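Morning, everyone. Please look at the model on the screen while I talk.

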Amino acid sequence: MGTAPRGVSAHPSDINARLTVQPNGVSLIEFFKNANRSTSFHELAHHMFRVIYELSGRDGVDPQLIEDVNTILREAGVTREEFDANTNGARTRVHEFFARGFEVYISEGKAPSKELRGVFRRLRAWMIEVYHDVVQALG
């Protein structure tokens, strides 16, 4: 099992930002005064995991996406059933594990485990592809 680079603080003053999902499904990120340069990547990772998890449950999705989500869950030490039921705070554990790991991967190029290296590499490539599509669309 992989390990996230840092522990999760329960103290409210340590929170840099928060992602909430609005009733219409839009992710809203709020930044607080403790936010730093890596906060946006961390919160983006929460959004990305939410999206890929939801997509992985749909019919006809790319099997690689399903395997990537299963790898993330396995490396975080949580089953899909535990995540869905939020057993012992499983959702928070997985989200923080993924967000902190992806934050380090983006800044240092290091995945929390060998198994997550390919997952993070594919997500990085997808982000670059989206960026290029946006740049091209904007002219």
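Which residue in β2 is the bridge partner of Val21? Ser27. Before going on, this is a predicted model, where local features need pLDDT of at least 70, side-chain atom pairs count only at pLDDT 80 or more, and totals for chains, interfaces and linings use all residues. Residues are numbered from 1 along each chain as its sequence is written, and side-chain values use heavy atoms, without hydrogens and water.

Back to the strands. β1 covers residues 17-21 and β2 residues 27-31. They pair antiparallel, over 5 bridges. Pairing needs at least two DSSP bridges between the strands. Strands are DSSP runs of E, at least two residues, and helices are runs of H or I, at least four, numbered from the N terminus. This hairpin has 5 residues between the strands, and Gly25 has a positive phi near 90°.

Now the helices. α1 (residues 39-56) packs on α4 (residues 90-108) at about 125°, axes 8 Å apart. Axes are lines fitted to C-alpha atoms, for helices over the stretch in contact, and angles run from 0 to 180 degrees between N-to-C directions. So α1 is oblique to α4. Oblique is what remains after under 35 degrees (roughly parallel), over 145 (roughly antiparallel) and 65 to 115 (roughly perpendicular). Residues in contact include Phe41 and Phe49 of α1, with Phe98 and Ile106 of α4. Contact means heavy atoms within 4.5 Å.

Last pair. α2 (residues 63-76) and α5 (residues 114-138) cross at roughly 130°, their axes coming within 10 Å. That makes α2 oblique to α5. Among the contact residues are Asp68 of α2 and Arg122 of α5.
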